[in-house]
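Got a protein model on the screen and want to know what is going on inside it? Let's go through it in questions and answers.

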Amino acid sequence: MTGVYPFSKTVFTDKDRELELCGVRGQRMMELAALDIPILPGFVLSNEQVMNLEGNREEALKLLNQYVGTMEPVVDKKFNGKESPLLIKVVVSSTLNMVDTTSSIHNIGLCDATVGGFADKVGEEFAYHEYRGMVKRVLLLDLELEKDKKNIARIEGLIKEASEAKDVASSKKFLESVKKFYPSDFFENADAQLLYVLTRYREIFKMSEVLNDSALLIQAMIFGNYGKESYSGFFYTRDIETGKDELSGLYFVDSFDDADSKGVDILKLKKNYLDELIPVAKSLEAHYKQIRRIKFTVEDGTLWIIDQTEATNKSAMAEIKTLLSLHKQGLIDDEYAINDIRPPRLAEILHPVLNKEGSGKIKSVKGGISGAIGAAVGRVFFSTDRLVKEARIAHQRGLEDHFILAMPATYAEDVKAIEVSRGVIARDGGYASHAPVVARSLGKVAMINPDIVFNEKGMKIEGIQVNEGDYLSLDVPSYDKPTIYFGELDLIEPSMEESGLLEFLDIVQKGIGDFDVHVNADQPREAELAKKFGARGIGLCRTEHMFFDEKRIPVFRSMIITDDSKDREKILAKLQKNQVDDFLALFRIMDGYPVTIRLLDAPLHEFLPHTKDKMDEFISFFQKSHPGVTAEEIRNRCDILGEVNPMLGHRGVRLAISIPEVYRMQVTAIFEAAYKLRKDEGITSYPEIMIPIVMSPSELKAVRYGKKIEGKEIIGIETIEEQVREKLGVEPLPYKVGTMIELPSAALMAGNLARYADFFSFGTNDLTQTTMGLSRDDFNTFFPDYNEFDLLEKNPFSSLNAAVKELVSIASQRGRLVRPDLKMGLCGEHGAEPDNIEFLKEAGLNYVSCSPYGVPIAKLAIARSNLKTR
């Protein structure tokens, strides 16, 4: 009959127009039936047929009996039967994929004539619980239609009575009190009951603008506590944590659901049932191309699939492994795999996650800014000295070495503590401040919480005191605010090889064209990790980070404060040997790929001691080689180097002008390493020397080609390269000299800069600061207010601001007009933000460069963008 569409394992419709009339839920049933899934039988009444129920009662009952009758032999039960009554449910099947609030009605067919037969199978208490629940749902349906205040109050009172009834006696009492308000045959005859429910839905459809074209789905019901061998349960088509290709889930013996029964591992289910479930899992996973959660019931020895939905709680690892499995089977292509997973999801694989079972028993505070995502567990310490000391003791004694560093803010001298910790908490700053930037480069976890109050014992957060040595567990996600748990939770550690990530990145690489990803790396382990992820070079080596090593930093500090040029040259000679080793390691790892080395950039005062203890240590160190210098003089020299606004102070190219021997040492080390590697190991390096914080073409020209005035000389990079080459007696190798565009003046003068630059690298962290007049360390104190008033929708230190974009576009256009082959990239965490990728490609850049753990995310974002463009 037109407008009635039956379904079962062997019966379904696949006609487009009929499927449209079935609504979303009806379509899902037809879909499962078409896949030969053992679903319970039923039928869909189109909206037109629902409306037709308003006519002849006898005709309506005849229609329902006809189609309900087709369900009976499939489940071996009789609707209105006294011994094994068939119970059915009615569910709204909207034409829109939406969550509707209209109550579905289960257990239609339970009435005074059938409840006894049902009780013989499931027990009297459960039978009356379901009978009472069905009537309560009908009351809720009637409540939606009722307008009279008196009647509304009466229905609400009955609903309350139903909710308070807990046993057979109170259920029977409730049912008796309801009977006088309904037609007598509602409680005597299942057919009349069904027709009543359908007509009430019809009235709701008439009055609803949302449901006025909806269909109704009528389906048989079965129970996991019915008969001799019955179970209920659920399972996933594969393990939702690891992605292992085996069922995972629970079943509940002789139980309607999991409310009052202890679950048993699904793999312990009887073999004959598992043999039925495994093909179902394979079929559904292949059809939907994702992990599915499947609900099933075994009633009296027969297995039925009740429902199936997306597994929304699957891990990123499981999601990737599913895609790889589908890809190997030829069920999806590269494009599908690339588009199916969002780039930020990859972060879950790159970092450990907390096992939150039992986390409800531990106090926690949520809030702040996610600086470097992941999870960390460890004992907290509030200074670099204390944490490093504890790390040494732990190492010497073979003790646990899990630590959290918590400080108001971190500086260069704190890098060693961040390096040996699992995570860092800072009070001051934001996403682009020191602690998060260093943490991201080292693969650590970092968060900022401005509400922390540091005190003599440690720190206090929302009234909770944390003392030195206490355990903290940090959960720092990409999609939500970070959480601090005040106690120890277990960590689930990632495995790059087992996660499927590297294999997935091979597929992603096929979607990447000329625009690719480099890495910000200044340590070999960072470069090696990024190479695994497919980084096509180093886009930013921050050489200042190379001096943070515990053994090097006092030597570097000595170079900074010495007032004797010969002494400085002597110290620089020591540092040059270190730098040669540094660059050798990076060139070797990046064999065949470019390595962009930013010459010293950080303000000098950042390297100097910030605490009394550190100052005392340095004084002792310096006086060993300079016994004639007093402690007061050393302190004075350090104080003189302090700056009011160091971000715009004595840093970058300005050091090359005032202390040219520093850059000369670094450039010499770069070329010595490159030529040595080619000579000794046959590896050709592609060094790219980057001059930071340039504000005018004349600065870049002077550093590249040199400049001489009376009594002073800046030896240019090209001259240094020639000197090294002649000294070693080798043939020249390819190299580039370029600049970082991080000041508006540099962006606007890009045409003139391109006369002396082979490449531009946009340092968008500082370009954002200098363009917008924002301090990345202080911005977050007022950003929430701006966000609340819609004055700044997104954080400009993660999503490029329109003004910064315009400067990037101007610099790109003007630079290429002068030098058409100008290489351009962006270095910084803006490059790992998917929202920025499309613009950077359009602006004509060749690559982005970000922290090692941002490389996979940026690669996936680029591949998705390329597919979208195509």
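Below is a run of questions on this predicted model, from the overall picture down to single residues.

Q: What share of the contacts in the protein with a separation of 6 or more comes from residues 24 or more positions apart?
A: The chain has 870 residues, and 56% of them count as buried. Looking at contacts with a separation of 6 or more, the share from residues 24 or more positions apart is 69%.

Q: Which helix gives the most to the lining of the largest cavity?
A: The whole structure holds three cavities of 30 Å³ or more, and the largest has about 70 Å³ of space. Its lining includes P660, Y663, R664 and V667, along with I717 and I720. Two elements give two or more residues each, helix 24 (660-681) and helix 26 (717-728). With four residues, the top contributor is helix 24.

Q: How many residues in the lining of the largest cavity are nonpolar?
A: Among the lining residues are L599, A656, V703, I714, I715 and G716. Sorted by type, the lining has one charged residue, one polar residue and, for the group asked about, ten nonpolar.

Q: How many charged residues are in the lining of the second largest cavity?
A: This cavity has a volume of about 40 Å³. K289, Q290, I291, K314, E319, T322, L323 and D340 line it, and helix 10 (residues 316-328) supplies the largest share, three residues. By type, the lining splits into two nonpolar, two polar and, on the charged side, four.

Q: Within what arc do the buried residues of helix 18 fall, seen down its axis?
A: In helix 18 (residues 524-532), the buried residues are E526, A527, L529 and A530. An α-helix has 3.6 residues a turn, so residues three or four places apart point the same way. Down the axis of helix 18, its buried residues line one face, because they fall within an arc of 165°.

Q: Which residue just after helix 18 takes a positive phi?
A: For context, the buried residues of helix 18 pack against helix 15 (434-442), strand 24 (516-520), strand 25 (538-542), helix 20 (565-589) and helix 33 (855-869). Just after the helix, a positive phi of about 90° turns up at G534.

Q: Which residue in strand 20 does K460 stand opposite?
A: Strand 19 (residues 458-461) runs antiparallel to strand 20, and four bridges join them. Opposite K460 stands Q465.

Q: How many of the eight residues of strand 9 are buried?
A: Strand 9 (residues 292-299) has strands bridged to it: six bridges join strand 6 (residues 231-236) to it, and eight join it to strand 10 (residues 302-310). Both pairings run antiparallel. Strand 9 is largely enclosed by the rest of the structure, because the number of its residues that are buried is six.

Q: Is P6 buried or partly exposed?
A: P6 lies in strand 1 (residues 4-7). Beyond its neighbours within four places in sequence, P6 is in contact with V11, F12, M30, G42, F43 and Y67. Its relative accessibility is 28%, so P6 counts as partly exposed.

Q: What relative accessible area does S812 have?
A: S812 sits in helix 31 (residues 802-818). Not counting residues up to four places away in sequence, S812 touches F762, M824, A843 and G844. S812 is buried, with a relative accessible area of 4%.

Conventions. Residues are numbered from 1 along each chain as its sequence is written. This is a predicted model: local features need pLDDT of at least 70, side-chain atom pairs count only at pLDDT 80 or more; totals for chains, interfaces and linings use all residues. Side-chain values use heavy atoms; hydrogens and water are left out. On a 1 Å grid over the protein atoms alone, a cavity is a set of points where a 1.4 Å probe fits but cannot get out, and a pocket is an open set with protein on both sides within 12 Å along at least five of seven lines; lining residues have an atom within 4 Å of a point. Grid points are joined across faces, edges and corners, and a volume is the space filled by probe spheres set on the points. Ala, Val, Leu, Ile, Met, Phe, Trp, Tyr, Cys and Pro count as nonpolar, Asp, Glu, Lys and Arg as charged, and the others, Gly among them, as polar. Buried means under 20% relative accessible area, exposed over 50%, partly exposed in between (1.4 Å probe, protein chains only). The arc is that of the directions from the helix axis to the C-beta atoms. Contact means heavy atoms within 4.5 Å. Two strands pair if DSSP finds at least two bridges between them.
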